[in-house]
Amino acid sequence: MSPKFALLAPIGLLALSNIVMNTAWYAHLKAPGRALWIAVLASWGLAFFEYALAVPANRIGAQAYSLAQLKTITEVFSLTGFVIVAWALFGERPNWNTGVGFLLVAAGAYFIFKGPFK
């Protein structure tokens with residue numbers, strides 16, 4: 001496997017997996033009248049596809065990134081995926097609080113990728 005593939009593939013796969021997972025976590029809220037067990041089964045069904053993307057992403061990514069870096073990539077995409085799903089499905093636009101929170105997460109990601117500091 002090429003080093004470039006090991007650097008880029010996990011990013012794309014983790015981005016997609018987090019969109020799918022955020023959809024699994026929140027889309028059922030659009031149908032509050034449906035039975036909870038249906039929501040759980042539908043979410044588990046979507047989660048299968050999330051795992052089908054996330055597991056290879058982490059397996060491939062472990063060749064190029066530390067575990068902390070892989071987790072940081074996942075968390076950044078999890079928050080980004082949440083904003084996309086909340087906006088697309090529920091019309092919840094990001095606000096100042098969201099922006100400031102994401103800047104703080106970005107600062108944390110910077111330290112994960114830039115370190116260790118001496």
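Tyr26 has a relative accessible area of 28% and is therefore partly exposed (buried is under 20%, exposed over 50% and partly exposed in between, with a 1.4 Å probe and protein chains only). The model is a predicted one, in which local features need pLDDT of at least 70 and side-chain atom pairs count only at pLDDT 80 or more, while totals for chains, interfaces and linings use all residues. Residues are numbered from 1 along each chain as its sequence is written, and side-chain values use heavy atoms, with hydrogens and water left out.

Rings of Phe, Tyr and Trp (its six-membered ring) pair if their centres lie within 6.5 Å, and planes under 30 degrees apart count as stacked, over 60 as edge-to-face and the rest as tilted. The count comes to five aromatic pairs. Trp25 and Tyr26 form an edge-to-face pair, at 6.3 Å centre to centre and 80 degrees between the planes. Trp25 is partly exposed, at 41% relative accessibility. Ring pairs link Trp25, Tyr26 and Phe82 into a cluster. The pair of Phe48 and Phe49 is also edge-to-face, because the ring centres are 5.2 Å apart and the planes are at 80 degrees. Phe48 is exposed at 56% relative accessibility, and Phe49 is exposed with a relative accessible area of 51%.

Ser17 is located in helix α1 (residues 3-26); helices (H or I, at least four residues) are DSSP runs, numbered from the N terminus. Ser17 is buried, at 1% relative accessibility. Leaving aside residues up to four places away in sequence, Ser17 touches Glu50, Leu53 and Ala54 (contact means heavy atoms within 4.5 Å).

Conventions:
Helix = DSSP H or I, 4+ residues; strand = E, 2+ residues; numbered from the N terminus.
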